[in-house]
Amino acid sequence: MVNLHGKTALVTGSTSGIGLGIAQALAQAGANIVLNGFGDVEAALASIRTLGAEVIHHAADMRRPDEIEAMFALVAERFGGVDVLVNNAGIQHVSPVEDFPVQKWDDILAINLTSAFHTSRLALPGMRAANWGRIVNIASVHGLVGSAGKSAYVAAKHGLVGLTKVTALETAATGITCNAICPGFVLTPLVAAQIDAIAQREAITPDAAQARLLSDKQPSGQFVTPEQLGNLVLMLCSPFGDQVRGAAWAMDGGWTAQ
Ligand code: NAD
């Protein structure tokens, strides 16, 4: 569907979960890959190398604009610039507003929202010079609707959908598109932590907690997969995506249709 040979894709927060799945899809389409994030970096690098792609990793903390700038400097030196930017890094914390830890609020806003402003402002000049680029912001159903206990996350993801619309408008007459993807539940470490918390709180098995999590929100009763999200990113990178601009594209098993 899409040939990204000669192009470079930077995926933030791509050492695990959704980001790694998207990086693998982009590698399969031929792009050079820039990974970012913490944890098992070597395993993530190896999984991209086996697909035959050029890959590097930079451990920029998405809370730190200076480290984001250093990552872009490395990418410019190694590959010449960023053609496909996927803003995926994100963290979660569940707590009522009145108990929400202030530092957690600041971290969630910095990682889930503000980092996408920094990466976008750094990527756009090169994309404009090439008159081609793709920015894909991994928002969430929580960029479209709320859930109790997720104030910072919902605020950040709604903000990310807003940033997506403005970036799409500012690039509307160019070969650059900017869109958001709004996944429902995907079984990654971020969601596994929520399943563990439900199991503990309600003294039920992890399987029962998983079923509870899905049945509360996701009518399909099934998780979205990183592979499905990777293929949606590929569609947005293909010529079929040329006129998809400023969308908040739900892939959520029917969550936001309710
Ligand atoms: P994950 O915990 O598996 O992966 C998060 C990634 O972000 C990891 O690579 C981690 O190292 C990286 N990261 C964390 N803090 C960072 C920081 N300060 N700087 C740089 N990297 C950092 O999570 P996931 O479920 O794959 O989530 C990925 C994105 O998808 C997030 O933005 C999340 O909000 C969004 N999302 C997830 C779901 C879901 O159900 N899992 C649903 C909707 C949206």
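A polar contact is a pair of N or O atoms within 3.5 Å; within protein, one must be able to donate a hydrogen and the other to accept it, and residues adjacent in sequence count only if both atoms are side-chain atoms. The model is predicted, with local features needing pLDDT of at least 70 and side-chain atom pairs pLDDT 80 or more, while totals for chains, interfaces and linings use all residues. Residues are numbered from 1 along each chain as its sequence is written, and side-chain values use heavy atoms, without hydrogens and water.

Thr15 places a polar side-chain atom 2.8 Å from an oxygen atom of the ligand. For Tyr153, a side-chain N or O atom is 2.5 Å from a ligand oxygen atom. In Asp61, a side-chain N or O atom lies 2.9 Å from a nitrogen atom of the ligand. On its own the ligand has 830 Å² of accessible area (Shrake-Rupley method, 1.4 Å probe), and the protein covers 92% of this.

The shell around the ligand holds 30 residues (a heavy atom within 4 Å), the closest being Thr15, Asn88, Tyr153, Val186 and Thr188. The shell divides into 16 nonpolar, 12 polar and two charged residues, with Gly counted as polar and Tyr as nonpolar. Helix 1 (17-28), helix 5 (151-170) and helix 6 (189-202) each give two or more residues to it; helices are DSSP runs of H or I, at least four residues. Helix 6 gives the largest share, three residues.

The ligand lies between domain 1 (8-184 + 224-248) and domain 2 (187-223), because both give residues to the shell; the bounds come from an automatic or database domain assignment.
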